[in-house]
Amino acid sequence: MQRRHFLISGLAAGAGLAARKAFAAGYPDKSRTVRLIVPFAAGGGVDVLGRLYAEKLKEKHGLTVVVENRAGANGAVGGQYVHQAAADGYTLLFSSSTHTTARLVMREVPYDPLTDFTPVARVGEAPMLLIMAKDRPQKTIAEVVAAAKKDPAQWVFAASSLGSMGYLATVAFNQNAGLNLTITSYRGTAPALTDVAGGHVQLMIDPLLVLLPQARAGAVKGLATTTAKRSALAPDIPTARESGMPNLAFASCYGIWGPKGLPADTVAWLSTAVNDATADLAKAGRFAALGQEPITGSPDDFARYIAEDFKRSEALLKAAKFQPM
């Protein structure tokens, strides 16, 4: 996957000028509340990071920012809420790669995630972690694959949502292993993780951000990360390559979108404010603590990333002969 990373400290002076123009145009109006819509249940990876940005925007700009969890339909409930909102910068979507893959994995989506929203800023990406129910004896991906080939009915994957990066990584797992294990979709990371911890399903791939604490506590087993090198947060957990699946390489992307038609000056102000928040959170060690890599860049950079990521996901699902649900 091609990645576009940008220096945290290198925000352009032109972006600051654009932000000043936006102030002159009246955005943001500090008497109004900014609603940051998280389309998943509270406690998941998207929710945790979204709340950090809400806090930082309050702290730096005196804004009233409220995080609203509008879960359901694999993120489409929250997405539709933002899609229908006024394009004034006071209703924004904080989501993951799941948002842009919606039309690839769902038969009916009430919007086109690529054309019906305004990309504002990509803020970071997180390595993924493959976990397993603690009652299973396997220790590596190779051992899991061997066991699943003998009795596939005894191995079911949980996915935080249909079309999430964890879901796509699970599809890739099946492809690489030559398996067709059942993938059960949930309304967020938290309920899916609860079922893995309870042994109701056996496997899950989702951001390290939220799965590692449960692995550290012994509630689940951490088998492998989906990154080229081991995470500094979990140096004892091997990569997928080390564990027997070299082609399993995925990271979950996070970003902010507005409704279609968001004014350019408003987008510029928001992009600069979010980039500044990313820089502050990175310097404070918040990204490192969450096992994530901070990313800054322009709205155009984010739009290009979305297009590239969509093409990759589309090819992956097509190769798997996936039918939208």
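This is a predicted model: local features need pLDDT of at least 70, side-chain atom pairs count only at pLDDT 80 or more; totals for chains, interfaces and linings use all residues.
Q: What is the peptide bond from Y27 to P28, cis or trans?

A: Look at omega. The bond is cis, with omega near 0 degrees. P28 sits in the loop between α1 and β1.

Q: Where are A73 and N74, and is each buried or exposed?

A: Start with the backbone, then turn to accessibility. A73 lies in the loop between β2 (64–69) and α3 (76–84). N74 is found in the loop between β2 and α3. Phi of A73 is near 55 degrees, positive in a residue other than glycine. Phi of N74 is also positive, near 55 degrees, again in a non-glycine residue. Buried means under 20% relative accessible area. N74 has 18%, so N74 is buried. A73 has 39% and is partly exposed.

Q: Which residues of helix α7 (residues 189–197) are buried, and why do they count as being on the same side?

A: The buried ones are T189, A192, L193 and V196. They cover an arc of only 100 degrees, which puts them on the same side of α7. Their cover includes α2 (45–61), β4 (117–133), β5 (156–159), β7 (203–207), α8 (208–216) and β8. After α7 comes G199, with a positive phi near 80 degrees.

Q: What is T225 in contact with, leaving aside neighbours within four places in sequence?

A: T225 belongs to strand β8 (residues 220–225). T225 counts as buried because its relative accessibility is 0%. Its contacts are M128, L129, I237, P238, T239 and A240. A polar contact of 3.3 Å also joins the side chains of T225 and T227.

Q: Which element gives the largest share of the lining of the second largest pocket?

A: Take the volume, then the lining. The second largest pocket has a volume of about 220 Å³. Its lining includes Y167, N174, L181, I183, F322 and M325. Two elements give two or more residues: α6 (165–177) and β6 (182–185). The largest share, 4 residues, comes from α6.

Definitions and conventions
Residues are numbered from 1 along each chain as its sequence is written. Side-chain values use heavy atoms; hydrogens and water are left out. Buried means under 20% relative accessible area, exposed over 50%, partly exposed in between (1.4 Å probe, protein chains only). A polar contact is a pair of N or O atoms within 3.5 Å; within protein, one must be able to donate a hydrogen and the other to accept it, and residues adjacent in sequence count only if both atoms are side-chain atoms. Contact means heavy atoms within 4.5 Å. The arc is that of the directions from the helix axis to the C-beta atoms. On a 1 Å grid over the protein atoms alone, a cavity is a set of points where a 1.4 Å probe fits but cannot get out, and a pocket is an open set with protein on both sides within 12 Å along at least five of seven lines; lining residues have an atom within 4 Å of a point. Grid points are joined across faces, edges and corners, and a volume is the space filled by probe spheres set on the points.
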